[in-house]
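Please read these notes with the model open beside you. They go from the whole chain to single residues.

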Amino acid sequence: MWNPWALTSVGLVMLVTFYLGHRTSRFARSTHDFLVARRTVRSRRNAAAISGEYLSAASFLGVAGLVLKDGADALWYPIGFTAGYLALMLFVAAPLRRSGAYTLPDFLEARLGSVSLRTMSTWFVVFIGVLYMLPQLQGAGIALTAIMPAPAWVGSVLVTVVVAVNVMAGGMRAITLVQAFQYWLKLFALAVPTFVLAVVFFGSDGAGSAGSLGDPAPPRFTEETRVAIRTEATLRVGEPTPVRIGDGNRETTVWLPGTDYDIEPGTTLVFPADAKVPVVSDGELDNASWLRPTETASELLGTYSLILATFFGTMGLPHVLVRFYTNPDGRSARRTTVQVLLLLGLFYLFPVMIGALSRMYVPQLLVTGNTDAAVLEVPGAMVPGVLGQLLTAVTAAGAFAAFLATASGLLVTVAGVIATDLLAGKARDFRTATLFVAAVPALLAVLLPVEDLSLSVGMSFALAASTFAPLLVLGIWWRRLTWLGAMAGMCTGGGLVLAAVVLNSISARTGAWAPWFLEQPGLFTVPAAFLVTIVVSLGTARRVPEDVNAVMLRLHAPDPLGFMRDRTVARFGRAEARARTGRGRHRK
Amino acid sequence: MTDDFYRSVDGIRVPDPTLGKNVRPEPEPEPVPDEQVAPEPPPKIRRKRVVLAEPSRTPSSLRARVELEQQTSWGELLINDLIKIQLRTAIALGGLVVLVLGALPALSYFVPAFTELRFVGIPLPWLLLGVAPFPLLFGVGLWYNRLAERHERDFVDMIEN
């Protein structure tokens with residue numbers, strides 16, 4: 001399907017991204033520029049950049065899709081995504097910046113003085129980075145197919161190329177302004193359509209074409225509707241529903257409640273007017289239960305698990321942490337986080353509203369299971385004609401801003417870690433690493449089948465919460481942490497989450513038998529990681545690093561006392577810069 | 001030559017030790033070849049701030065800083081107090097938020113009637129989950145920021161006096 005407006009807007013976003021990156025990367029020369037933008041990013045710009053980087057495809061498209069499918073229970077995702085920053089601010093932000101580290105593995109080495117722990121965490125950073133990048137690139141592919149007839153890999157490759165060119169030109173220096181710009185673009189791209197659609201909605205007496213949300217019944221089709229199923233789906237109905245399977249078929253079968261209907265890919269389903277909308281097997285069937293949060297015990301525990309994973313997961317995401325290293329000092333890192341809380345809270349009001357509207361206007365997405373497309377499809381379904389196309393163009397531009405911003409942050413992080421830990425850490429090495437790191441997820445995105453956007457992102461949060469979060473919290477506040485304890489905790493937490501991922505994907509292919517704690521493993525894996533870290537640390541008390549007091553002083557002493565030391569300059573800076581920013585002489 | 005000297009002391013003007021002596025300027029050292037081939041853009045001419053005196057630092061504050069740095073028992077005690085109060089504040093505020101947010105799922109599970117309530121036509125749970133948490137989180141963030149900065153200021157004041 002062609003939408004010339006959307007194509008133009010997406011092209012514009014890519015051009016502006018490229019231009020801003022090109023402008024700001026002109027002065028990027030040294031490793032210090034590429035890794036942490038010379039630590040000169042002020043709190044307001046950094047807050048916008050962090051929000052821009054953080055609002056990924058999962059937030060921009062995924063949250064509305066989840067609200068469409070799961071209703072009130074899905075509201076916990078935006079809450080958790082935001083609350084994670086509060087935890088980050090309370091326990092991590094300022095001390096992390098004062099450590100003077102330039103990557104997450106570097107912080108761990110600065111605190112615990114172990115090279116093997118550093119290597120281990122390097123691989124975890126690479127793994128989390130690629131896992132997080134995959135849905136961004138696949139999302140770009142899907143979004144592009146929605147606005148022009150092109151194979152899905154075109155979008156993935158396009159985004160990878162734009163991002164890689166920017167990052168190679170200037171690293172962190174190049175992407176800071178780009179990400180800040182993309183936050184405001186994304187806010188605009190959801191806020192404007194939401195306002196217009198809300199006006200349309202209230203103009204039509206507060207009921208969408210598929211019935212108002214106040215009806216306890218499931219949404220229904222207003223006219224004869226054809227739904228083409230592209231991926232395998234299991235459907236359920238709440239009431240007897242007539243349906244014709246196959247386009248040419250004249251015979252109407254009736255689906256009954258309580259049975260799962262497996263649909264082969266490539267099937268076309270034709271629903272007569274007034275038929276109730278069936279739902280993919282894990283969605284909420286009728287509006288009454290869609291409106292109510294937390295009805296069953298497993299939903300209750302799943303919600304708590306999600307809260308825990310997102311609360312601790314944000315602080316463990318390496319691409320979020322690396323942005324905090326770009327602040328000038330610890331105090332501005334903390335101020336940055338306060339502003340991030342404001343910016344995220346502002347943004348998340350809109351996907352929720354769009355998700356609720358989409359339940360009333362595009363119920364066919366519930367049948368195909370492609371709920372992530374809700375943000376892109378609602379404007380066209382609610383407002384016919386050019387205005388609808390224009391609004392779609394605006395949301396499509398926002399979606400691409402989301403892919404670009406998150407992918408560039410991840411690319412800088414993973415390339416930085418590889419360049420400094422596996423290569424020599426020169427600017428040239430950073431560029432080589434970027435090329436390599438961009439190629440791997442792009443290949444995977446083209447080859448692997450597409451999963452639910454928010455599912456794999458949810459797993460990345462659980463993984464980050466069970467690996468890096470305990471190390472950061474304990475490393476900053478607990479003197480008796482040892483590198484052996486840290487290693488054991490990281491392996492336990494990471495191993496448990498990976499086991500859950502594997503079991504989950506096996507269960508998805510063999511009849512969905514996985515209980516809730518395999519889908520949301522945070523409730524068990526996070527405490528387990530903390531516990532193992534503490535117990536092993538206490539058992540290996542002789543290994544507490546000798547300089548622990550000096551490190552603690554550096555992490556917690558207020559900035560004006562000048563105990564902060566910049567590890568980037570110490571390792572990569574030239575002699576003159578090392579003398580200038582040596583002991584106690586950090587840049588204000 | 002003199003400019004270089006001032007830069008090397010962070011722009012703080014102290015009497016030039018070569019003043020009045022017939023010192024021949026040392027030859028410029030060979031520039032070290034950088035790994036970057038691209039020529040550096042010409043430096044912008046910027047106004048330079050000249051500080052005419054060191055901020056007065058009393059001997060006692062210097063002693064405190066040295067004690068902190070050398071990890072004497074007194075210095076360790078000081079920084080431990082700061083860490084403890086920051087951690088206590090963080091846990092108190094974090095606990096508050098976890099309690100408030102954590103109560104919501106339990107409330108709607110154990111008191112289902114609560115989910116039927118409406119406020120101007122919108123179900124109450126949707127307002128409580130979709131809108132209310134964000135001002136709460138931002139407010140707590142602001143509050144913590146103020147408290148943490150106050151603790152740090154108190155600490156610096158104590159060290160300087």
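**Notes on the predicted model**

1. Chain A has 24 helices and seven strands. Both kinds of element are DSSP runs numbered from the N terminus: helices are H or I with at least four residues, strands are E with at least two. This is a predicted model, in which local features need pLDDT of at least 70 and side-chain atom pairs count only at pLDDT 80 or more, while totals for chains, interfaces and linings use all residues. Residues are numbered from 1 along each chain as its sequence is written, and chains are lettered from A and ligands numbered from 1 in the order in which they are written.

2. Overall size comes next. The C-alpha trace of chain A spans about 80 × 50 × 40 Å along its principal axes.

3. Of the 588 residues in chain A, 61% are buried. Buried means 20 or more other C-beta atoms within 10 Å of the residue's own; exposed means 12 or fewer, partly exposed lies in between, and C-beta atoms are placed from the backbone. Among contacts in chain A between residues at least 6 apart in sequence, 80% join residues at least 24 apart. A contact needs C-beta atoms, placed from the backbone, within 7 Å.

4. Now the interface. Chain B gives 43 residues to the contact, and chain A gives 43 residues. On the chain B side, α2 (59-69), α3 (73-110), α4 (124-130) and α5 (133-160) of chain B each supply at least two residues. The largest share, 16 residues, comes from α5(B). By class, the side of chain B that touches chain A has 28 nonpolar, 10 polar and five charged residues. Here Ala, Val, Leu, Ile, Met, Phe, Trp, Tyr, Cys and Pro are nonpolar, Asp, Glu, Lys and Arg are charged, and the others, Gly among them, are polar.

5. Look at one helix pair in chain A. Helix α1 (residues 4-24) of chain A packs on helix α16 (residues 385-421) of chain A at about 30 degrees, with axes 8 Å apart. Axes are lines fitted to C-alpha atoms, for helices over the stretch in contact, and angles run from 0 to 180 degrees between N-to-C directions. Residues of α1(A) including A:W5, A:L12 and A:M14 meet residues of α16(A) including A:L390, A:F400 and A:L404. The contact of α1(A) with α16(A) has 14 nonpolar, five polar and no charged residues.

6. One open sheet has four strands of chain A in the order β1-β6-β3-β4, with antiparallel pairing. Its edge strands are β1 (225-228) and β4 (253-255) of chain A. Strands pair if DSSP finds at least two bridges between them. Two bridges join β3 (residues 241-245) of chain A to β6 (residues 268-271) of chain A. A:I245 stands opposite A:L269 in β6(A).

7. Check two residues in the loop between α2 and α3 of chain A: A:A37 and A:R39. Most residues other than glycine have a negative phi. Phi of A:A37 is near 50 degrees, a positive value. Phi of A:R39 is near 55 degrees, also positive. Are they buried or exposed? A:A37 is buried, with 26 other C-beta atoms within 10 Å. A:R39 also counts as buried, with 23 C-beta neighbours inside 10 Å.

How values were computed:
Two residues are in contact if their C-beta atoms, placed from the backbone, lie within 7 Å.
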